[in-house]
Amino acid sequence: MKGLIFVELMNFLDEQLGEDITERVVAAASLPNEAAFTAVGNYPSHYASALVAAAARLTGSDAATMCEDFGRFIFLRFEKRFPHLLERYRSARELLEHVQGHIHEEVKVIYPDASPPQVETHSDIEGYTVTYRSHRGFAHIAYGLVAQCISFYSEESDVYWKSDSTAHDACFIIRPRKGIYPL
């Protein structure tokens, strides 16, 4: 996994828990690199899982909720780091439709060894569906990203997990709030 994600995860932990707790999380995660991440490095994805699990244990928080909050946080960070990218799209739906074919392709140009998750979108009777697939199993982070994307574009919609979703293969249904026109 790209180091940029790990750097932002450490920023998230510092911001949410404080530096003292983050230091305890790093110690509890027992990572061989002691969480010394660089934005340009590559690290095993299980390091992120170990950090989140340690943070959840130490704080009594739910790891899935923590991942969703991190997804929201990382979207806000992308908003600051890559405003030109988000400005290309007029709506959450337009951005989400371009994640796989455009955004992840740009990631691969910048980081040729990257393997971003598969993200597909479509409309059906249930609503507007975003499908996430990855060997990393970070669907909760993807959920947070989608939720914050909707918020970024000031859209009055809610995101729901499809009941058969897993951490590796998830579908999120986006539906407009009652009385609001569809996404």
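The expected span of a helix is 1.5 Å times one less than its number of residues. For the 14 residues of H8 this gives 20 Å, and the end C-alpha atoms of H8 are 20 Å apart, which agrees. The model described here is predicted.

**Helix H8**

- H8 is mostly covered, with 10 of its 14 residues buried.
- The buried residues of H8 are Ala139, Ile141, Ala142, Tyr143, Gly144, Val146, Ala147, Gln148, Cys149 and Ile150.
- Among the elements that cover these buried residues are H4, helix H6 (92-97), S2, S3 and strand S4 (169-176).
- Just after H8, Ser154 has a positive phi of about 55 degrees.

**Helix H4**

- H4 has 19 residues, which at 1.5 Å a residue should span 27 Å; the distance between its end C-alpha atoms is 26 Å, which agrees.
- Buried positions in H4 are Met66, Cys67, Glu68, Phe70, Gly71, Phe73, Ile74 and Phe75.
- Those buried residues of H4 pack against H1, H3, helix H5 (83-87), H8 and strand S3 (157-161).

**Helix H1**

- The 15 residues of H1 should span 21 Å at 1.5 Å a residue, and the end C-alpha atoms of H1 are 21 Å apart, which agrees.
- In H1, Gly3, Leu4, Phe6, Glu8, Leu9, Met10, Phe12 and Leu13 are buried.
- The cover over the buried residues of H1 includes H2, H3 and H4.

**Strand pairing**

- Strand S1 (residues 118-124) pairs with strand S2 (residues 127-133) in the antiparallel sense, over seven bridges.
- S1 and S2 form a hairpin, with two residues between them.
- Within this pairing, Thr121 stands opposite Val130 in S2.
- S2 also pairs with S4, in the antiparallel sense and over six bridges; Thr131 has Cys171 in S4 as its bridge partner.
- S3 and S4 pair over five bridges, again in the antiparallel sense, and the bridge partner of Tyr160 in S4 is Ile173.

**Second largest pocket**

- The second largest pocket holds about 160 Å³ of space.
- Its lining has 17 residues, and Ala48, Ser49, Val52, Cys67 and Phe138 lie nearest the centre of the pocket.
- Helix H1 (3-17), helix H3 (45-59), helix H4 (63-81) and helix H8 (139-152) are the elements that give two or more residues to this lining.
- By residue class, the lining divides into 13 nonpolar, three polar and one charged.
- Cys67, one of the residues nearest the pocket centre, is also one of the buried residues of H4.

**Met1**

- Met1 is found in the segment before H1.
- Met1 has a relative accessible area of 19%, and because the cut-off for buried is under 20%, Met1 is buried.
- Leaving aside neighbours within four places in sequence, the contacts of Met1 are Phe6, Gly41, Asn42, Tyr43, Ser45, Ala48, Arg136 and Phe138.
- Gly41 is 40 residues from Met1 along the chain, and the C-alpha atoms of the two are separated by 8.4 Å.
- Two of the contacts of Met1, Ala48 and Phe138, are among the residues nearest the centre of the second largest pocket.

- Most residues other than glycine have a negative phi.
- Ser30, a residue other than glycine, has a positive phi near 50 degrees.
- Ser30 is in the loop between helix H2 (19-29) and H3.
- With a relative accessible area of 60%, Ser30 is exposed, because the cut-off for exposed is over 50%.
- Ala35, in the loop between H2 and H3, has a phi near 60 degrees, a positive value in a residue other than glycine.
- Ala35 has a relative accessible area of 12% and is therefore buried, the cut-off being under 20%.
- Ser30 is therefore exposed, whereas Ala35 is buried.

Technical notes: Residues numbered from 1 in each chain as written. Predicted model: local features only at pLDDT ≥ 70, side-chain atom pairs only at ≥ 80, totals over all residues. Heavy atoms only, no water. 1 Å grid on protein atoms, 1.4 Å probe; cavity = no way out; pocket = protein on both sides within 12 Å on 5 of 7 lines; lining within 4 Å. Points joined across faces, edges and corners; volume = space filled by probe spheres on them. Helix = DSSP H or I, 4+ residues; strand = E, 2+ residues; numbered from the N terminus. Nonpolar A, V, L, I, M, F, W, Y, C, P; charged D, E, K, R; others polar. Buried < 20%, exposed > 50% of the residue type's maximum accessible area, 1.4 Å probe, protein only. Contact = heavy atoms within 4.5 Å. Pairing = 2+ DSSP bridges.
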